[in-house]
Amino acid sequence: MPEKVLILHRFPKSQMVRISQCYELMDAAGKKPGEVFSADELGSVRAVLAAGGQKLGGDVMDLLPRLGAIVCYGTGYDGVDLKAAAERNIAVGNSPGANASSVADMALALTLSSVRRILVADGFVRDGSWAASKPSPLMRPQNGMGGRKVGVYGMGEIGRRIASRVAAFESEVGYFSRSRYDLPYRYFESLEALADWCSVLVIAVRAGRETHHVVGADILRRLGADGHVVNIARGSVIDQPALIAALTDRTIAGAGLDVFAGEPHAPDALTALPNVVLAPHVGGHTLEGHVSMQDCVMANLEAFFAGRPLPFAVKAG
């Protein structure tokens, strides 16, 4: 009999095919597990598969008395209560760096789309304005990427890939991170100093209490009128109302967002703005990205059921 794995959050079935070949999947379809399965069924579950950005607290863990492993599909694990898991001797694993290249590609796509106003240009062609020679203030020449100062907030696997891609566009790269690394990029001692220096701020930091709303009105003001902010991390890192205000009053020039505060709902005040580019949290959503994430999921599950430590374990801290 294959081991049972409870799927706590909603995933496309196509992403579960490979995992279902090795394990019996109990799919809660995004509902609370107690609403879908009986206490007896949940009592046999030893491992769960979760979307790391969605809430998973001790109340859910207590429904699963034999739970020993929470395996997150993807890099993030900010929704998991690590303290509650540690108290219950539950191991937590993720897929570190598995989709880093895909997310970095999205960061560059959003950066270029915002800086070069690709959506505005696309609409200008589609609605006939170009053919009619209609004037448009949004089509005025803007500063490009050559010589532009780009700040990367967070220099993990994704941040490093973003930096290398940005450098190829003949931009200067600086960064702020909890640690300073031996890298060919300028290091800044604070996020404020980085924002004062750069005109594009790319957010690649891990979400958590210390980064909640850290990019607020002050940081956005420091970017300046030619500034752009790009977020491929988590929506919680940006104070979303402050961002809407900064975009509305042109404190900054634009933004590129793959993540939002209340996914999947983006506020009308944000979607109505012409100077923001939006994507539905698809940074890591490439075929190769999913294969890499599934490699980590499978390795974590295999190790757990074999009684070994998770190879991609998250440590509470």
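Predicted model: local features only at pLDDT ≥ 70, side-chain atom pairs only at ≥ 80, totals over all residues.
How much space lies in the second largest cavity? About 40 Å³.

Residues are numbered from 1 along each chain as its sequence is written, and side-chain values use heavy atoms, with hydrogens and water left out.

Let me begin with the cavities. Rolling a probe the size of a water molecule over the atoms shows where empty space is left. Here a cavity is a set of points, on a 1 Å grid over the protein atoms alone, where a 1.4 Å probe fits but cannot get out, and its lining residues have an atom within 4 Å of a point. Grid points are joined across faces, edges and corners, and the volume is the space filled by probe spheres set on the points. With a threshold of 30 Å³ or more, the search of the whole structure returns two cavities.

The second largest cavity is lined by N231, G235, I238, Q240, L243, L257, V259 and F260. By class, five of these residues are nonpolar, three are polar and none is charged. For the classes, Ala, Val, Leu, Ile, Met, Phe, Trp, Tyr, Cys and Pro count as nonpolar, Asp, Glu, Lys and Arg as charged, and the others, Gly among them, as polar.

The largest cavity has a volume of about 70 Å³. Its lining includes S113, S114, R117, I118, L119 and V120, and also A253, G254, P274, N275, V276 and V277. That lining divides into seven nonpolar residues, four polar and one charged. Which elements each supply at least two residues of this lining? They are α6 (100-115), α7 (118-126) and β12 (276-278); helices (H or I, at least four residues) and strands (E, at least two) are DSSP runs, numbered from the N terminus. The largest share, three residues, comes from α7.

Strand β12 leads us to the sheet. Seven strands form an open sheet in the order β8-β7-β6-β9-β10-β11-β12, with parallel pairing. Its edge strands are β8 (186-187) and β12, each of which pairs on one side only. Two strands are taken to pair if DSSP finds at least two bridges between them. Within the sheet, β9 (residues 200-203) and β10 (residues 228-231) run parallel and are joined by four bridges. One of the residues concerned is V200, whose bridge partner in β10 is H228.

I turn now to charged pairs. A salt bridge is a side-chain nitrogen of Lys or Arg within 4 Å of a carboxyl oxygen of Asp or Glu. The whole structure contains 13 salt bridges. Among them is the contact between the side chains of E3 and R46, at 3.4 Å, N to O. This pair links distant parts of the chain, 43 residues apart: E3 belongs to the segment before β1 (4-7), and R46 to the loop between α3 (39-43) and β3 (47-50). Are these residues buried or exposed? E3 is partly exposed, with a relative accessible area of 32%, and R46 is partly exposed as well, at 21%. Buried means under 20% relative accessible area, exposed over 50%, and partly exposed in between (1.4 Å probe, protein chains only).

R222 and D196 also meet in a salt bridge, at 2.8 Å, N to O. Because R222 lies in helix α10 (residues 217-223) and D196 in helix α9 (residues 191-197), the pair ties together parts that are 26 residues apart in sequence. R222 is partly exposed at 24%, and D196 is partly exposed at 47%.

Salt bridges that share partners join D62, K83, E87 and R88 into one network. Within it, the closest N and O atoms of E87 and R88 are 3.8 Å apart. The structure holds six aromatic pairs, where rings of Phe, Tyr and Trp (its six-membered ring) pair if their centres lie within 6.5 Å; planes under 30 degrees apart count as stacked, over 60 as edge-to-face and the rest as tilted. The rings of F11 and Y73 have centres 5.4 Å apart and planes at 50°, so this pair is tilted. F11 lies in the loop between β1 and α1 (13-20) and Y73 in the loop between β4 (69-72) and α5 (82-87), so the pair ties together parts that are 62 residues apart in sequence. Both F11 and Y73 are buried. Elsewhere, ring pairs link Y23, F304 and F305 into a cluster.

Key
1 Å grid on protein atoms, 1.4 Å probe; cavity = no way out; pocket = protein on both sides within 12 Å on 5 of 7 lines; lining within 4 Å.
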